[in-house]
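Take a moment to look over the model below. Then let's walk through it together.

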Amino acid sequence: MFRAAVRLSVSGARSLTRPQLGRTAPLAQRCYSHGGKLESDEEFDARWVIYFNKADIDAWELRKGMNTLIGYDLVPEPKILEAALRACRRLNDLASAIRILEAVKDKSGPHKKIYPYLIQELRPTLDELGISTPEELGMD
């Protein structure tokens with residue numbers, strides 16, 4: 001048994017020292033894209049609005065969707081956030097609504113104009129649903 005292991009390791013070492021003609025590095029051939037069709041911004045927004053507008057969405061799906069959305073390299077559009085906040089209202093989950101607003105504020109990062117713009121666009125929805133912003137709750 002030991003002899004077989006040594007033989008395999010020696011043959012493996014020989015293959016490392018032998019030049020491999022006609023072979024390229026695996027990374028040179030690697031494709032970093034999944035190959036799917038490109039999605040426009042409008043299609044992306046519509047997909048997420050549809051996701052959050054599902055009548056039978058549960059708390060886990062809401063959190064999963066928001067975690068996925070916040071993981072992208074973007075700040076969600078107001079219409080997506082409005083759908084997510086309405087899903088929070090259907091679930092009677094004020095804590096998740098405030099977490100969504102906190103995540104968007106954090107996601108806006110150093111761009112000081114994005115978060116106030118989002119709050120301005122979401123203000124009618126926030127007032128309709130009775131959701132206070134983190135700043136109004138003294139959480140800033």
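How much accessible surface does the chain have, and what share of it belongs to carbon and sulfur atoms? The total comes to about 10100 Å², with 56% belonging to carbon and sulfur atoms; areas like this come from the Shrake-Rupley method with a 1.4 Å probe.

Keep in mind that this is a predicted model: local features need pLDDT of at least 70, side-chain atom pairs need 80 or more, and totals for chains, interfaces and linings use all residues. Residues are numbered from 1 along each chain as its sequence is written, and side-chain values use heavy atoms, leaving out hydrogens and water.

The chain has 7 helices and 0 strands (DSSP runs of H or I with at least four residues, or of E with at least two, numbered from the N terminus). Of its 140 residues, 26% are buried, meaning under 20% relative accessible area.

| Pair | Axes come within | Crossing angle |
|---|---|---|
| α3 (residues 41-52) and α5 (residues 78-90) | 8 Å | roughly 5° |
| α4 (residues 59-71) and α6 (residues 94-108) | 11 Å | roughly 5° |

Axes are lines fitted to C-alpha atoms over the stretch in contact, with angles from 0 to 180 degrees between N-to-C directions. So α3 and α5 are roughly parallel (an angle under 35 degrees), and α4 is likewise roughly parallel to α6.

Who touches whom? In α3, F44 and W48 are among the residues that meet α5, whose side includes I80 and A83; contact here means heavy atoms within 4.5 Å. In the other pair, L62, M66, I70 and G71 of α4 meet S96, I100, A103 and K107 of α6.

Definitions and conventions
Buried < 20%, exposed > 50% of the residue type's maximum accessible area, 1.4 Å probe, protein only. Parallel < 35°, antiparallel > 145°, perpendicular 65-115°, else oblique.
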